[in-house]
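Hi,

Here is the structure I promised to pass on. Have a look at it, and then read on for my notes on what turned up.

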Amino acid sequence: MAEEKKLFKVTIDNITIEVEPGTMVLNAARQIGGDVTPPAMCYYSKLQGSGGKCRTCLVEVAAGSTADPRPMPKLVASCRTAVMDGMVVKNITSEKVADARAGVVEFLLINHPLDCPICDQAGECHLQDLGYDHGKEGTRYEFKRRTFEKEDIGPYIQLHMTRCILCYRCTYVADQLTDKRVHGILDRGDHSEISTYISKAIDNDFSGNMIDVCPVGALTDKTFRFKNRVWFTKPVDAHRDCDKCCGKVTLWQRGEEVLRVTARKDEWGEVQSFDGKPGWICNTCRFDKKKTNDWVIEGLTNVNRHSVIAQNKYPGLITPKETIADVMGGRAPKLLMDIHDISDVNSVDISALPGPATSKTFTTVLKGKVS
Ligand code: SF4
Ligand code: FES
């Protein structure tokens with residue numbers, strides 16, 4: 001009979017689970033799920049070697065193990081710390097963690113332009129979520145923020161280095177998914193930046209996955225830029241027979257138009273796995289198949305992440321009951337007043353005009369009224 005594998009018991013925020021030896025604290029917390037799970041801006045379970053760069057996943061280890069129950073002297077990065085049997089970890093139950101995470105967010109935002117109102121990533125940006133959860137109203141930073149010119153890296157991707165938090169995920173994608181990496185982190189310290197060597201184009205069948213792994217809006221899809229706000233789009237799961245990738249994607253539609261194609265994401269913002277393999281998608285599926293009839297639609301995407309894109313349009317949504325008809329003896333609500341009847345200013349029915357209204361529209365109409 002096969003020998004039974006010994007599991008390690010770990011308690012995170014007072015919830016105890018058993019995990020395999022070698023599991024990182026972050027992954028143990030993901031097995032519990034929900035708020036207990038620390039945020040992760042650089043760790044990405046499908047990218048080897050990722051993690052240990054951003055420090056958003058810091059946790060307090062209140063007891064190291066059953067054998068040595070002393071607390072760890074400093075907060076540790078949960079994506080790089082393996083569980084020990086009997087370990088006790090605090091995340092949301094630790095004041096030290098809350099304080100340190102606020103500090104980490106302040107650091108991540110030191111050079112960030114906070115241009116969420118025009119950033120394509122707004123609504124699904126992990127840094128935006130972190131900012132709301134832990135950010136402060138002001139900054140203590142007194143120096144000039146770093147600025148960079150936008151850079152086209154290849155035909156489909158534009159880099160906004162000002163938004164980058166140097167998580168290294170895109171470089172791991174290039175290393176692990178494409179034939180050869182032509183970009184990386186140049187320079188050190190405050191001068192570090194993502195770039196290609198003399199702006200060499202990133203042109204590879206799987207390069208678009210860099211956009212999906214970027215936790216902020218630093219790598220943007222040039223075919224989607226400024227086309228829409230993500231919360232106005234309707235995400236649907238779809239697939240096609242593809243000879244290069246799994247062909248399983250999310251289509252972001254507005255009406256019948258496909259505005260964007262991405263890999264399918266899980267509740268941690270990572271690409272979902274299919275048959276045990278990460279569901280990376282190729283550039284043909286992502287950038288060239290932008291018609292609904294290129295795809296077999298499976299149905300609405302269930303967005304797991306707590307985010308604005310999860311609002312309004314999902315199956316099982318409970319909407320408040322409309323009561324007016326009940327109290328009006330069955331009559332449906334009606335517009336009680338036509339504003340055009342009682343206001344000179346609103347004498348133009350803008351929605352009935354064939355094109356946009358101009359000052360001429362109003363002077364003509366008002367003149368007609370006065371004379
Ligand atoms: S561009 Fe995006 S994925 Fe690449 S290092 Fe910067 S934040 Fe990370
Ligand atoms: S997720 Fe752990 S250090 Fe970034």
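Predicted model: local features only at pLDDT ≥ 70, side-chain atom pairs only at ≥ 80, totals over all residues.

**Salt bridges**

Lys 6 and Asp 85 join their side chains in a salt bridge, at 3.2 Å from N to O. By salt bridge I mean a side-chain nitrogen of Lys or Arg within 4 Å of a carboxyl oxygen of Asp or Glu. Lys 6 belongs to the segment before β1 (8-12) and Asp 85 to the loop between β4 (76-77) and β5 (87-90), so this contact ties together parts that are 79 residues apart in sequence. Lys 6 is exposed, at a relative accessible area of 52%, while Asp 85 is partly exposed at 25%.

Residues are numbered from 1 along each chain as its sequence is written, chains are lettered from A and ligands numbered from 1 in the order in which they are written, and side-chain values use heavy atoms, with hydrogens and water left out.

Back to the charges. How many salt bridges does the structure hold? There are 15. One of them joins Glu 270 to Arg 30, at 3.0 Å from N to O. That pair links distant parts of the chain, 240 residues apart: Glu 270 is in the loop between β13 (257-263) and β14 (273-274), and Arg 30 is in helix α1. Glu 270 is buried, with a relative accessible area of 1%, and Arg 30 counts as buried too, at 13%. Both residues belong to a network of salt bridges that links Arg 30, Lys 46, Asp 266 and Glu 270.

Glu 298 and Arg 264 also meet through their side chains, in a salt bridge of 2.9 Å (N to O). Here Glu 298 comes from strand β16 (residues 296-300) and Arg 264 from the loop between β13 and β14, 34 residues apart. Glu 298 is partly exposed at 43% relative accessible area, whereas Arg 264 is buried at 6%.

**Rings**

The structure holds four aromatic pairs. Rings of Phe, Tyr and Trp (its six-membered ring) pair if their centres lie within 6.5 Å; planes under 30 degrees apart count as stacked, over 60 as edge-to-face and the rest as tilted. In one of the pairs, the ring centres of Tyr 44 and Trp 280 are 6.0 Å apart and the planes are at 20 degrees, so the pair is stacked. It spans 236 residues of the chain, from Tyr 44 in the loop between α1 (25-32) and β3 (58-63) to Trp 280 in the loop between β15 (277-278) and α6 (283-288). Is Tyr 44 buried or exposed? Tyr 44 counts as buried, at 0% relative accessibility, and Trp 280 is buried as well, at 11%.

Charges meet rings here, too. The charged end of Lys 53 sits over the ring of Tyr 168, 5.2 Å from its centre, and that of Arg 240 sits over the ring of Trp 295, 5.9 Å from its centre. The test for this is that NZ of Lys or CZ of Arg is within 6 Å of the ring centre and within 35 degrees of the ring normal.

Three strands make an open antiparallel sheet in the order β6-β7-β10. Its edge strands, β6 (151-152) and β10 (219-221), each pair on one side only. Strands pair if DSSP finds at least two bridges between them, and two bridges join β6 to β7 (residues 157-159).

Most residues other than glycine have a negative phi. Asn 14, though not a glycine, has a positive phi of about 70 degrees; it lies in the loop between β1 and β2 (15-19) and is exposed at 69%. Leu 166 has a positive phi of about 55 degrees, sits in the loop between β7 and α4 (169-177) and is partly exposed at 22%.

Cheers

Key. Helix = DSSP H or I, 4+ residues; strand = E, 2+ residues; numbered from the N terminus. Buried < 20%, exposed > 50% of the residue type's maximum accessible area, 1.4 Å probe, protein only.
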